[in-house]
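Take a moment with the sequence and the model. Then follow the text through them, one place at a time.

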Amino acid sequence: MNDVFYEKDTVDLLGQIVNIPSPSGFTKTIMTFIAKYLTDLGIDYKKTNKGAIIATFTGQNDESHRLLTAHVDTLGAMVKEIKSNGRLRLALVGGFNWNAIEGEYCKIHTASGKKIRGTILMHETSVHVYAKAGEIKRDEKHIEVRLDEKVKTPDEIRNIGINVGDFVSFDPRFEVTDSGFIKSRHLDDKASTALLLQLMKHIKENNVLLPYTTHFYISNNEEIGYGGNSNIPEQVVEYIAVDMGAIGDGQASDEYTVSICAKDSSGPYHYDLTRHLVNLAEQHKIDYKLDIYPYYGSDASAAIRAGYDVKHALFGPGIESSHAYERTHIDSLKATAQLLYVYVTSSMVKED
Ligand SMILES: [Zn+2]
C-alpha cells in the first residue's frame, strides 16, 4: 500500500502550489499551473465557465460515475480602501479572523500585474508609541497593510498602481521539518489538491483501469461556498469532497491520520458511503479518525444544497489551526493517499 504515496513528489508539488497565490476569485495562475500539470501527463480535462478543471478517467463501468473534488482557492483579501496615512485597509475573502493574518507578509496584485510587497499589521503596533497596543481589537479598523514602497499619500499609492479591488495574498511560509511536519498557510485544501494530482498521475502512468468512470474536479471557489456545486455530470452517483479534517478541543481528528467526516454544519454526510470509507480504512489498515466538524461546509454539501442527487462524503488530511497558521504531518498525507486509492478502486456502495 505504500506504493500509492509518493512522499517526495507530493511534498514538492505541495510546496509549489502553496506558493502560487490563489485567493478565491483570483485563481487563474494556479488553474494554468494545474492545466499544464495535466497536459504534461497527457490527461484530458475540461474547464468550466467558473474556471474549475474536471479531468475524467473512463472506467469499466461508464454508466455510474464517481467524482472527487479538492479546491485550490484559498483565503485572502482585497484592498478595501486606500487610507490617508499611506496604508491600505483590507476586506477579507473567505472565513477567518483578523488575528490569523496579523504580522504576515503579503503581496498586492495590481491590475497591471505588478506584485507589491507589504506587511499586515495593527495600526497601533509599536509598543514604544501605543501603550495599549496589546488590548486593541484586531479588526478591519485597526489592521492595515504597510507597503514596502516609499509612499505616504493615497495619490502616491495610486501612482504605483494600487487600487481598491486589488487582490492581496498572504505568504504561505511553507516549511517541512525533519520530524515530518508540513507547516504552511493554505494546506486547506492544497494538501488534498496535491494528493489528487498525484493520484491522477499514478493512475495515468500505471494504466490503472478504474471500476467506474471517475471525475477529478479541481474547484476554485470553495472558500466562498460555490466551488464544486455545478458542472457535475448527470451519471455521478458518489461525490467525495477531499478536504481538511478539523482539529481542536473535542475533535477526534489529528495530524497523523485521515479524517472521515460523519457530519458538519450542513448535516450528516451520506451514511452508507461514509461507512464504506470507514470499512475500506479498516480493511486496509489505514489510520483514520471518524469525526464531526462543528463549523464547516464543503463542496460536497454545496453540491447537495444546489440540488444534485448524489451520495456525498468527505475525508482528508487533518489540518491543525485551520484558516490560520496551518500544519499537518506526512503521516496524514500518506493515510489520505491510501484511502483515496482504495476508494477509487473499490466497488460502489450497494443499494439494499
Ligand atoms: Zn477547504
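Is phenylalanine 181 buried or exposed? Phenylalanine 181 counts as buried, because its relative accessibility is 13% and the cut-off for buried is under 20%. Keep in mind that this is a predicted model.

The whole structure holds 5 aromatic pairs. One of them joins phenylalanine 26 and phenylalanine 167. This pair is stacked. The ring centres are 5.0 Å apart, with 25 degrees between the planes. Where do the two partners sit? Phenylalanine 26 is in the loop between α1 (7–18) and α2 (28–41). Phenylalanine 167 belongs to strand β9 (residues 167–170). The pair therefore ties together parts that are 141 residues apart in sequence. The two partners can also be described by accessibility. Phenylalanine 26 counts as partly exposed, because its relative accessibility is 31%. Phenylalanine 167 is buried, with a relative accessible area of 12%.

Phenylalanine 181 forms an aromatic pair too, with tyrosine 256. That pair is edge-to-face. Here the distance is 6.1 Å centre to centre, and the planes are 65 degrees apart. Phenylalanine 181 lies in strand β11 (residues 181–183). Tyrosine 256 lies in the loop between β14 (245–246) and β15 (258–264). The pair links distant parts of the chain, 75 residues apart. Tyrosine 256 counts as partly exposed, at 36% relative accessibility.

Step to glycine 180. This glycine is found in the loop between β10 (175–176) and β11. Glycine 180 is buried, with a relative accessible area of 11%. Which residues does glycine 180 contact, leaving aside its neighbours within four places in sequence? They are Thr328, His329 and Ile330. Take histidine 329. In sequence, glycine 180 and histidine 329 are 149 residues apart. In space, their C-alpha atoms are 5.6 Å apart.

Asparagine 49 and alanine 313 are 264 residues apart in sequence. Their C-alpha atoms are 25 Å apart in space. Asparagine 49 sits in the loop between β1 (45–47) and β2 (53–57). Why does asparagine 49 count as exposed? Its relative accessibility is 86%, and exposed means over 50%.

Next come charges over rings. Arginine 66 lies over the face of tyrosine 343, 4.3 Å from the ring centre. Arginine 185 lies over the face of tyrosine 325, and here the distance to the ring centre is 4.7 Å. Both Arg185 and Tyr325 touch glutamate 104. Glutamate 104 is in the loop between β5 (88–93) and β6 (105–109). Glutamate 104 counts as buried, because its relative accessibility is 3%. Not counting residues up to four places away in sequence, glutamate 104 also touches Gly118, Thr119, Ile120, Phe170, Asp171 and Arg173.

How many cavities of 30 Å³ or more does a search of the whole structure find? The search finds 3. The largest cavity holds about 80 Å³ of space. By class, the lining has 4 nonpolar, 3 polar and 4 charged residues.

The second largest cavity has a volume of about 60 Å³. Its lining divides into 8 nonpolar and 2 polar residues, with no charged ones. Among the lining residues are Val4, Phe5, Tyr6, Leu195 and Tyr341. Which helices each supply at least two residues of this lining? They are α4 (187–205) and α7 (330–344).

Helix α6 (residues 299–305) gives the largest share of the pocket lining, 4 residues. By class, the pocket lining has 12 nonpolar, 12 polar and 7 charged residues.

Methods. Residues numbered from 1 in each chain as written. Predicted model: local features only at pLDDT ≥ 70, side-chain atom pairs only at ≥ 80, totals over all residues. Heavy atoms only, no water. 1 Å grid on protein atoms, 1.4 Å probe; cavity = no way out; pocket = protein on both sides within 12 Å on 5 of 7 lines; lining within 4 Å. Points joined across faces, edges and corners; volume = space filled by probe spheres on them. Nonpolar A, V, L, I, M, F, W, Y, C, P; charged D, E, K, R; others polar. Buried < 20%, exposed > 50% of the residue type's maximum accessible area, 1.4 Å probe, protein only. Contact = heavy atoms within 4.5 Å. Phe/Tyr/Trp six-rings, centres within 6.5 Å; stacked < 30°, edge-to-face > 60°. Lys NZ or Arg CZ within 6 Å of the ring centre and 35° of its normal.
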